[in-house]
Amino acid sequence: MMSTKIASDRKIRVDEILGAFGMKASATVTGVAYGGAFHDDASGAPVETRDPSTGEVLAHVRTASTNDCRRAVTEAHEAFSRWRLVPAPHRGEIVRRLGDGFRARKEDLARLVSLENGKILSEARGEVQEVIDICDLAVGQSRQLFGREIASERRDHRLVEQWHPLGVVGIISAFNFPLAVPGWGWALALVCGDTIVWKPSSLTPLISIAAQQIVHEVTAGTEAERIFSLVIGGGSSIGEALLADERVPLIQATGSCALGERVSVALAKRSGRAILELGGNNAVIVLADADLKLALRAVVFGTVGTAGQRCTSTRRLILQRPIAKRFMEHLVAAYKTIGIGDPLDDTTLMGPLVSQSAVEEYRDGLAEMQRQGGRLVYGGNVLADRGGYFVEPAIMRSTVDMPICKEEVFAPIVHVFEVDSLAEAIAVNNSVPQGLSSGLFTTNLAAAERWLSSAGSDCGIANVNAGTSGAEIGGAFGGEKATGGGRQAGSDAWKGYMRRQTCTINYGSELPLAQGVTFPVD
Ligand code: UN1
């Protein structure tokens with residue numbers, strides 16, 4: 001495996017990257033903004049954010065107390081009473097400018113994402129592009145928020161369905177897509193007439209502060225000035241405050257299945273709504289007739305891309321027996337060429353994990369897999385000598401009855417299984433609690449269609465000759481079963497951010513009742 005050393009001029013780079021957003025290495029920054037301004041008097045316990053490539057502190061962040069969070073919700077709630085009255089295409093115009101704001105700062109933002117999250121620059125650029133794309137989609141959507149007319153059974157009656165803004169949307173987002181996934185929510189929620197209170201991951205606070213700065217630049221002095229708030233919090237108290245707040249009718253949450261359970265229970269108590277995108281345990285199936293070159297590239301991107309820290313990362317590889325040995329040889333050969341190192345370096349394909357606890361999850365996960373009978377075929381080392389949170393990608397020969405294969409271990413580890421048939425492969429694909437993404441590689445039309453049929457993949461995303469990660473924003477994104485059932489981004493996901501109203505209008509002089517009921521009153 002090739003490796004690149006962290007460049008010695010890193011400090012200069014760090015200063016440059018942070019400087020683009022008016023921040024300085026090791027300084028204190030504010031992670032709380034509402035009412036159109038940052039609040040330096042925020043009184044939550046401060047958090048540190050670290051450079052995952054070196055383990056050094058990048059900055060100290062002032063966070064929100066539960067009181068600050070309540071204030072942010074109050075502001076967002078007041079802003080909602082005005083924002084909902086702004087015509088939707090005008091709301092779209094603000095989102096267009098927001099998208100342009102991200103477009104203008106794409107490179108600065110991508111470098112910050114790469115620095116603080118650890119994903120490689122190309123993927124970080126892709127992430128910023130994903131935000132720009134969803135803003136573009138939302139602008140068009142702002143002229144397409146339509147209901148339908150339904151034929152009424154009553155004479156001189158009209159039955160219509162319409163969509164209204166919902167209220168304050170709480171967005172709880174994870175470190176791994178610190179901009180794109182919350183961006184799916186903001187862009188749509190804002191054109192739908194909602195206002196935002198965003199609680200990002202405390203592992204990537206600087207990225208969210210930079211995004212909030214762009215929001216302020218774009219909205220200052222406009223009717224949108226107060227629609228977007230930021231509440232970074234250290235522990236779970238801010239998330240819980242949002243979950244408990246009756247003024248927040250919808251929470252969009254991304255994270256583990258355990259987080260999803262907490263969100264669901266809390267919201268069920270107050271009949272709040274949730275859009276959940278939780279754990280994945282995504283499989284790629286390679287049939288014997290597949291184009292193996294294509295499959296190999298997709299599998300390596302799916303397992304090693306973002307250092308295995310996407311919800312959509314490929315965690316299970318299901319090989320049809322006749323090609324299994326050959327495919328494994330190619331896979332191991334490809335892994336040997338993966339450059340692990342500074343994510344800001346153009347030659348790197350795999351950066352560090354996000355934190356020390358992610359390294360521990362990797363190490364503990366590997367140990368447990370081996371204890372349950374897994375055989376390590378490749379990798380498995382923590383690259384402790386480099387500083388930072390670097391590990392090798394790992395390949396594990398596993399058996400489907402190992403209980404750990406049913407869990408999402410958020411690290412660059414892939415289980416490999418062998419199967420005889422497509423039917424067996426589909427059964428393995430569907431045998432886990434999660435149901436986010438899946439991909440089948442085949443050149444056989446019947447196999448591809450079987451895979452996409454109702455007896456095929458049970459996931460929210462089912463691909464043919466494409467890997468599990470890297471979805472476009474045009475489709476609805478999300479998954480079934482323990483993944484939470486939510487849908488974000490494209491298609492008709494916008495409906496999740498609005499309330500539906502069914503209206504009956506009687507333009508006659510009689511009052512016929514539905515279902516032929518008679519109720520004569522003089
Ligand atoms: C996630 O990992 O939470 O499909 C989202 C993908 C990206 C989004 C991933 N467009 O891999």
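**A first tour**

Analyst: Let's start with Lys481, which is partly exposed at 39% relative accessibility. Here buried means under 20% relative accessible area, exposed means over 50%, and partly exposed is in between, with a 1.4 Å probe and protein chains only. Keep in mind that this is a predicted model, where local features need pLDDT of at least 70, side-chain atom pairs count only at pLDDT 80 or more, and totals for chains, interfaces and linings use all residues. Residues are numbered from 1 along each chain as its sequence is written, and side-chain values use heavy atoms, leaving out hydrogens and water.

User: Got it. Which residue forms a salt bridge with Lys481?

Analyst: Asp458 does, with the closest N and O atoms 2.6 Å apart. Asp458 sits in the loop between helix 14 (445–452) and strand 20 (461–464), and Lys481 in strand 22 (residues 480–481), so the pair ties together parts 23 residues apart in sequence. A salt bridge here is a side-chain nitrogen of Lys or Arg within 4 Å of a carboxyl oxygen of Asp or Glu. Helices (H or I, at least four residues) and strands (E, at least two) are DSSP runs, numbered from the N terminus.

User: And how many salt bridges does the rule count?

Analyst: The count comes to 29. One of them joins Asp420 and Arg321 at 3.0 Å, N to O. That pair links distant parts of the chain, 99 residues apart: Asp420 is in the loop between strand 17 (413–419) and helix 13 (422–429), and Arg321 is in helix 11 (residues 321–336). There is also a network of salt bridges linking Glu93, Arg96, Arg97, Asp100, Arg103 and Asp136.

User: What separates Lys11 and Asp15 in helix 1?

Analyst: About one helical turn, because they are 4 residues apart in that helix. Their salt bridge has its closest N and O atoms 3.0 Å apart. Lys11 is exposed at 55%, whereas Asp15 is partly exposed at 32%.

User: Switching topic: what domains does the assignment give?

Analyst: Domain 1 (8–278 + 488–500) and domain 2 (282–473). Such bounds come from an automatic or database domain assignment. The C-alpha centres of the two domains lie 30 Å apart.

User: How many residues of each domain are in contact?

Analyst: 33 residues of domain 1 are in contact with 29 of domain 2, where contact means heavy atoms within 4.5 Å. Together the domains bury about 2,300 Å², 60% of it on carbon and sulfur atoms. Pro52, Ile120 and Glu123 supply 22% of the area domain 1 buries against domain 2, more than any other three residues. Buried area is the accessible area (1.4 Å probe) that two parts lose on being put together, summed over both. The rule also finds 3 salt bridges across this interface.

User: Last one: what does Ala79 touch?

Analyst: Leaving aside residues up to four places away in sequence, Ala79 touches Thr195, Arg226 and Ile227. Ala79 lies in helix 2 (residues 66–83) and counts as buried at 5% relative accessibility.
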